[in-house]
Amino acid sequence: MSFTLAIVGRPNVGKSTLFNRLVGKRLALVDDQPGVTRDLREGAGRIGDLHFTVIDTAGLEEATDESLQGRMRALTERAVGMADICLFMIDARVGVTATDRVFAEILRKKNAHVILAANKAEGHAGESGALEAYSLGLGEPLRLSAEHGEGIPDLYQMLLPIADELEAKNLSDAPEVDVDVDDESDDGPRIPTKTKPLQIAICGRPNAGKSTLVNQLLGEERMLTGPEAGITRDAISVQTDWDGVPVRLFDTAGMRKRAKVQEKLEKLSVSDGIRAVKFAEVVIVLLDAAIPFETQDLKLADLVEREGRAVVIAVNKWDAEEDKQDKLKQLRADCERLLPQLRGAPLVTISAKTGKGMDRLHKAVMEAHEVWNRRVTTSQLNRWLMAMVEAHPPPAPSGRRIKLRYMTQVKTRPPGFVVMCSLPEKLPESYSRYLVNGLRIDFDMPGTPIRLHMRSQAAQNPYKDKKKSTPSRLRKHLGKGAADK
């Protein structure tokens, strides 16, 4: 999906009707009475060649307390803050109300891309309301009829330039991953600059100390912190200079087990945190020293590995630990046992509150980034592969030995390798793990995700494409007719 579109407005202006039309299904309940939609509903929207995520929200009301209407409004405002584009709908037949004016002012402050839509504008009944919408100061209103599909082509024309702008911004912010390499190229790791800083996401369970760590690195109380879990809701990014290296830090919301994530607000926060992981180059998985390696911690580390990002495991609140040596020994053993896919990943003990261990954390992040960019020449790889095969030959399924012919590195960020072999589909996963673990040890690539692909290359027969013919000397003795026979 290229962008997220949130549909907002007063109750009963036609938000769910438009949502159903954009997703092409009747996913949202529609009725003449107001307030039918209470939760946020997401769907895959499409207009022509534009594909996007569309969010149907609860009707905006002026309640700000803990009542149902107040919680619905808070949820809608949260969706507005996270959406790339906000479609603000009014009822053209009713005209602009005082509530519309209040929320137009809120939207002007919260979202850079706001499209004003006057719904139910078909016929003469909505003419005056559509003209009155100019007074909201949100530009020319889009005349819509969500029920009849009128105005959808005009919506496409308004979305198109914004979608192109957002796509260009995402491309500039996204890290370079799966970078092609060759033996002639001797470029080292990318050098972070102020315009393209090193992007670091800090993720973990609620109350692990993520915001406190960001404040420590920034040297100021930039993020709201406290003993309560779940204070941070957005994946907030801030740029700073960390010991001479320009970095952009992403402070993400705490991620709990899926079964415990009940509130729609928290679901949005978790998805925002996952997006931050995808936009990072190095991810710091922050653990609580009192309860490390919970199931959710392991799932987060596995997510980082699957996304192919460099990972550093930081154990926070180390100042509160008494028996530090035994605890550290246990942590390292648990890390090797529970995260075999990230074997050798750097594990650093820190105290975000006191600042202890920040130098070790910085060193671990820089080393993880360097390993993520590691390159190995083809000649080195093939000598290594020969030694690995001699030490432990591949199996022989059905009596046919699998031959590993040669190996080369094709990518960095993370390191990616290809092995040309016979019968790649029959090579067991255990043998691939044997090779990956060998790469980690012999080429000093601890902890980083490694991609290893087996590809088939059948042995070439040099006479396969040559036409069979009788030797010329034999043709002379046999005669032309006999030789042809």
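**Cores, sheets and a buried arginine**

Author: This is a predicted model. Start with the largest nonpolar core, which has 28 residues. I200, L213, V312, I350, L361 and V365 touch the most other members.

Reader: Which helices and strands each supply at least two residues of this core?
Author: They are β8 (198-204), α6 (210-218), β9 (236-242), β10 (245-251), β11 (282-288), β12 (310-316) and α10 (358-372).

Reader: And which one gives the most?
Author: That is α10, with six residues.

Reader: What does L361 touch?
Author: Leaving out residues up to four places away in sequence, L361 touches L213, W242, I284, V312, A314, V348 and I350.

Reader: What else is there in the way of cores?
Author: A second core is separate and has 27 residues. Among them are L22, L87, L144 and I162.

Reader: What tends to happen to nonpolar side chains in soluble globular proteins?
Author: They tend to be buried together.

Reader: OK, sheets now. What is the order of the six strands in the open sheet?
Author: The order is β2-β3-β1-β4-β5-β6, and the pairing is mixed.

Reader: Which strands stand at the edges?
Author: β2 (41-47) and β6 (142-143) do. Each has a single partner strand, so one side of each is left without a neighbour in the sheet.

Reader: Let's take β1. Is it mostly covered or mostly open?
Author: Mostly covered. Five of the six residues in β1 are buried.

Reader: How does β1 pair with β4, parallel or antiparallel?
Author: Parallel. Strand β1 covers residues 4-9, strand β4 covers residues 85-91, and five bridges join them. A6 has C86 of β4 as its bridge partner. For I7, the bridge partner in β4 is L87. L87 also belongs to the second core.

Reader: And how many bridges are there between β1 and β3?
Author: Four, again in the parallel sense. L5 stands opposite V54 of β3.

Reader: What about β2 and β3, parallel or antiparallel?
Author: Antiparallel, over seven bridges. In that pair, G45 stands opposite F52 of β3. The two strands form a hairpin with two residues between them. There, G48 takes a positive phi near 60°.

Reader: Which strands does helix α1 lie across?
Author: α1 (residues 15-23) lies across β1, β2, β3 (50-56) and β4. The helix runs at about 55° to β2. Helix α3 (residues 98-110) packs on the sheet too, and touches β1, β4 and β5 (114-119). The direction of α3 makes about 170° with that of β4.

Reader: New topic. What is the order of strands in the four-strand sheet?
Author: That open sheet runs β7-β14-β15-β16, with mixed pairing. The edge strands are β7 (179-180) and β16 (451-456), each pairing on one side only.

Reader: How do β15 and β16 pair?
Author: In the parallel sense, over six bridges. β15 covers residues 416-421. V418 stands opposite H453 of β16.

Reader: Which helices lie across strands here?
Author: One is α11 (residues 378-391), which lies across β14 (404-412) and β15 at about 135° to β14. Another is α12 (residues 429-442), which lies across β14, β15 and β16 at about 130° to β16.

Reader: How far does α12 reach from its first C-alpha to its last?
Author: 20 Å, for 14 residues. That is close to the 20 Å expected at 1.5 Å a residue.

Reader: Which residues of α12 are buried?
Author: Y431, S432, L435, V436, G438, L439 and R440 are. The buried residues of α12 pack against α11, β14, β15 and β16.

Reader: What follows α12?
Author: D444 does, with a positive phi near 55°. The backbone oxygen of D444 is also reached by the side chain of R374, at 2.5 Å.

Reader: Where does R374 lie?
Author: In the loop between α10 and α11.

Reader: Why does R374 count as buried?
Author: R374 has 15% relative accessibility. Buried means under 20%, so R374 qualifies.

Reader: What does R374 touch?
Author: Not counting residues up to four places away in sequence, R374 touches Q409, T412, P415, F443, D444 and M445.

Methods: Residues are numbered from 1 along each chain as its sequence is written. This is a predicted model: local features need pLDDT of at least 70, side-chain atom pairs count only at pLDDT 80 or more; totals for chains, interfaces and linings use all residues. Side-chain values use heavy atoms; hydrogens and water are left out. A nonpolar core is a set of buried Ala, Val, Leu, Ile, Met, Phe, Trp, Tyr and Cys residues joined through side-chain atoms within 4.5 Å. Buried means under 20% relative accessible area, exposed over 50%, partly exposed in between (1.4 Å probe, protein chains only). Contact means heavy atoms within 4.5 Å. Two strands pair if DSSP finds at least two bridges between them. Axes are lines fitted to C-alpha atoms, for helices over the stretch in contact, and angles run from 0 to 180 degrees between N-to-C directions. A polar contact is a pair of N or O atoms within 3.5 Å; within protein, one must be able to donate a hydrogen and the other to accept it, and residues adjacent in sequence count only if both atoms are side-chain atoms. The expected span of a helix is 1.5 Å times one less than its number of residues.
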